[in-house]
Amino acid sequence: MGFATGLGAVLAWLLVRTVLRLSELLTLLLLSAFIAVSLEPVVAWLCRRGLRRGWSVAAVVAAFAGLLAGFVALVIPPVTAAVTALTDAVPRWRSQLHDHHSTLGRLEDRYHLIEKAQSGLGSGGASKVAGGVLGAGQLVISVVTSAVIVITVTLYMMVALPTIKRFCYRFVPGTRRERVVAVSETILTRVGRFMLGNIVTSAIAGLATFVWCEVVGVPYPAAMGLFVALMDMVPIVGSTVGGVVVSLAALSVSLPVAIATAVFYIGFRLAEDYLIMPRAMKFAVDVHPVVTVVAVLAGGSLLGVVGGLVAIPVAVALGIVLDEFVFPRTDAS
């Protein structure tokens, strides 16, 4: 008995260590499964219209690829213009640093910026800059690798989702399989509706951004609106990042416009968190707004962006399981 207990403890410890080491990969797999399940209603709708499943998945992927291509086409002109303007401004800034009557020249005379920069690079600053560049390169490689893994696994799951579901259902005893299948299909349908609600709220954010940028004169309003719509699909931090980027872009117009844009996004974020998103999610997945907000906060605290994204579907699944299996037993007892 002691040997069996010790062996079980060792195996449990090794299992926990393995799961912790694979936590990043498991998170990516969870994200892939969530995306595949979220897109399943669209794929199933196309299949009911007569398309084979492979062609249905290809159509959904092509639609998203077209959306991404449109976003890139809208973003490339402002980014190219900004890089060109920065490149053209560098020689002017260098001449202004040596001009004692310019603002940069007076700052150089007072703070000796060039001398401090040269001394910093000479005393190990260059190695720090190189380390920062290498760290940024590693981050880019990690992000690209994670994106490739998620896209690849998502495609395989989308194509083979019916087979995967049938395989998983075979672990349930035949006497209870029909009810488990019904509950599982209900959960998957609610997850798809949640994704639809998320797209609706993101579209509202993008449209509001486009209208605001068009009214106050922020450049490239269409690109800004599409960027905010895409970022708004990321829970917790997405809309904040989008608001910061648009506010910084508004600085090219004037400081008052940038301040007004920041105030607009603070107000819109409050309205989205406490009015738009809870109501849209309640319509999509029939979850109380308080549960929606608490689930997103808890999921984000546990698993970051991915946790915030899957928190509401998990709350929906838990509610359905309680209604179908737990509450009937407690009410009958």
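Which residues make a nonpolar surface patch of about 650 Å²? The patch is formed by F3, L7, V10, L11, W13 and L14. Patch members have over 30% relative accessible area and no salt bridge, with like charges joined within 9 Å and nonpolar side chains (Val, Leu, Ile, Met, Phe, Trp, Tyr) within 5 Å. Areas come from the Shrake-Rupley method with a 1.4 Å probe, and for residues only the protein chains shown count as cover. One of these residues, V10, sits in helix α1, which covers residues 2-21. V10 counts as partly exposed because its relative accessibility is 43%; the classes are buried under 20%, exposed over 50%, and partly exposed in between (1.4 Å probe, protein chains only).

Before going further, please keep in mind that this is a predicted model, in which local features need pLDDT of at least 70 and side-chain atom pairs count only at pLDDT 80 or more, while totals for chains, interfaces and linings use all residues. Residues are numbered from 1 along each chain as its sequence is written, and side-chain values use heavy atoms, with hydrogens and water left out.

**Overall fold**

The protein has 10 helices and 0 strands. Helices (H or I, at least four residues) and strands (E, at least two) are DSSP runs, numbered from the N terminus. Of the 333 residues, 28% are buried.

**Cores and pocket**

The largest nonpolar core holds 18 residues, and L31, F34, I187, V191, I312 and I320 have the most contacts inside it. Helices α2 (23-48), α6 (174-216) and α10 (289-332) each give at least two residues to this core, and the largest share, 8 residues, comes from α10. Another core, apart from the largest one, has 15 residues, including C213, M224, Y265 and F268. A core here is a set of buried Ala, Val, Leu, Ile, Met, Phe, Trp, Tyr and Cys residues joined through side-chain atoms within 4.5 Å.

Now to the open space: the largest pocket contains about 1600 Å³. It is lined by 39 residues, and L31, I35, F64, V150 and I151 are the closest to its centre. Helices α2, α3 (53-97), α5 (113-169), α6, α7 (221-232) and α10 each supply at least two lining residues. On a 1 Å grid over the protein atoms alone, a pocket is an open set of points where a 1.4 Å probe fits, with protein on both sides within 12 Å along at least five of seven lines; lining residues have an atom within 4 Å of a point.

**Salt bridges**

There are 2 salt bridges, each defined by a side-chain nitrogen of Lys or Arg within 4 Å of a carboxyl oxygen of Asp or Glu.

| Pair | Closest N to O distance |
|---|---|
| R53 and E40 | 2.5 Å |

R53 belongs to helix α3 and E40 to helix α2, so their bridge ties together parts 13 residues apart in sequence. R53 is buried at 17% relative accessibility, and E40 is buried at 15%. The other bridge joins K165 in helix α5 to E185 in helix α6, 20 residues apart. K165 is buried because its relative accessibility is 17%, whereas E185 is partly exposed at 29%.

**A contact across the chain**

G54 is found in helix α3 and is partly exposed, with 43% relative accessibility. The C-alpha atoms of G54 and A160 are separated by 9.3 Å, although the two residues are 106 residues apart along the chain.

Definitions and conventions
Points joined across faces, edges and corners; volume = space filled by probe spheres on them.
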